[in-house]
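Q: I would like to go through a model feature by feature, taking the general idea first and the case at hand second. Please show it.

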Amino acid sequence: MQYLVQMRLANVGRPTTSEDGIAFIEQVILPTLERCNQLQTEHKILAGGPMSGAVALVLIVNVESVQELDDLLTSLPVWPRMETEVTPLTTFDGRAQTLRPRLDRHKAPQRAAQHSAAR
């Protein structure tokens with residue numbers, strides 16, 4: 001299943017000194033980017049990347065279960081400092097399959113009316 005994952009640095013997660021900023025980049029940001037590159041190579045991250053001008057990530061993630069998604073996200077060094085929003089995605093075919101029965105139910109009264117009028 002695919003998920004849209006949006007992660008943005010929480011205000012309380014921001015470094016407050018130059019030393020904190022250096023440590024944050026070396027110990028959190030760069031290892032997170034390396035982990036994301038690895039996950040992209042493994043086809044777990046299908047698309048996305050860091051947002052320009054923000055400490056934020058937007059990812060399309062492909063996993064087999066919610067547990068795998070949770071494991072993947074918590075494996076990112078930056079995760080404890082982020083506010084994370086996850087949106088499950090369906091496929092285009094999946095949405096079409098969902099809509100067809102609904103369309104048939106809406107068309108049924110019209111077909112019945114047309115059939116009655118033809119008699």
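Q: Leaving aside neighbours within four places in sequence, which residues is T32 in contact with?

A: First, keep in mind that this is a predicted model. With the sequence neighbours set aside, T32 is in contact with L57, L76, P77 and V78. T32 itself lies in helix α1.

Q: Is T32 buried or exposed?

A: The reading rests on relative accessible area, with under 20% taken as buried. T32 has 3%, so T32 is buried.

Q: What does the side chain of T32 reach?

A: The side chain of T32 reaches the backbone oxygen of V28, at 2.7 Å.

Q: How many residues apart in sequence are S75 and T32, and how far apart are they in space?

A: Sequence separation and spatial distance are read side by side. S75 and T32 are 43 residues apart in sequence, and their C-alpha atoms are 8.7 Å apart. S75 lies in the loop between α2 and β4 (82-89) and is partly exposed, with 27% relative accessibility. The side chain of S75 also makes a polar contact of 3.0 Å with the side chain of R35.

Q: What is the separation between the C-alpha atoms of T16 and L59?

A: T16 and L59 are 43 residues apart along the chain, and 27 Å separates their C-alpha atoms. T16 is placed in the loop between β1 (2-9) and α1, and counts as exposed at 70% relative accessibility. The side chains of T16 and D20 are joined by a polar contact of 3.4 Å.

Q: Which residues touch the most other members of the largest nonpolar core?

A: The general idea is that in soluble globular proteins, nonpolar side chains tend to be buried together. Here the largest nonpolar core has 19 residues, and V5, M7, V61 and L69 touch the most other members. Two or more residues of this core come from each of β1, α1, β3 (56-62) and α2 (66-74).

Q: What does V61 touch, not counting residues up to four places away in sequence?

A: The list for V61 is M1, Q2, Y3, V5, K44, I45, L69 and L72. V5 and L69 were named above with V61 among the core residues that touch the most other members.

Q: How many salt bridges does a search of the whole structure find?

A: The search finds 1. The side chains of E68 and K44 meet in a salt bridge, at 2.6 Å from N to O. E68 is in helix α2 and K44 in the loop between α1 and β2 (45-50), so the pair ties together parts that are 24 residues apart in sequence. E68 is partly exposed, with 22% relative accessible area, and K44 counts as partly exposed at 23%.

Q: What is the phi of H43?

A: As background, most residues other than glycine have a negative phi. Phi of H43 is near 60 degrees, a positive value in a residue other than glycine. H43 is in the loop between α1 and β2, and counts as exposed at 56% relative accessibility.

Q: Which residues form a nonpolar patch on the surface?

A: A patch takes residues with over 30% relative accessible area. I25, L30 and L33 form one that is nonpolar, with about 240 Å² of accessible area together. L33 is placed in helix α1 (residues 18-41). At 31% relative accessibility, L33 counts as partly exposed.

Conventions: Residues numbered from 1 in each chain as written. Predicted model: local features only at pLDDT ≥ 70, side-chain atom pairs only at ≥ 80, totals over all residues. Heavy atoms only, no water. Patch = residues over 30% accessible without salt bridge, like charges linked within 9 Å, V, L, I, M, F, W, Y side chains within 5 Å. Areas by Shrake-Rupley, 256 points an atom, 1.4 Å probe, with all protein chains shown as cover. Salt bridge = Lys/Arg side-chain N within 4 Å of Asp/Glu carboxyl O. Helix = DSSP H or I, 4+ residues; strand = E, 2+ residues; numbered from the N terminus. Buried < 20%, exposed > 50% of the residue type's maximum accessible area, 1.4 Å probe, protein only. Polar contact = N/O pair within 3.5 Å; in protein donor to acceptor, adjacent residues only side chain to side chain. Core = buried A, V, L, I, M, F, W, Y, C linked by side-chain atoms within 4.5 Å. Contact = heavy atoms within 4.5 Å.
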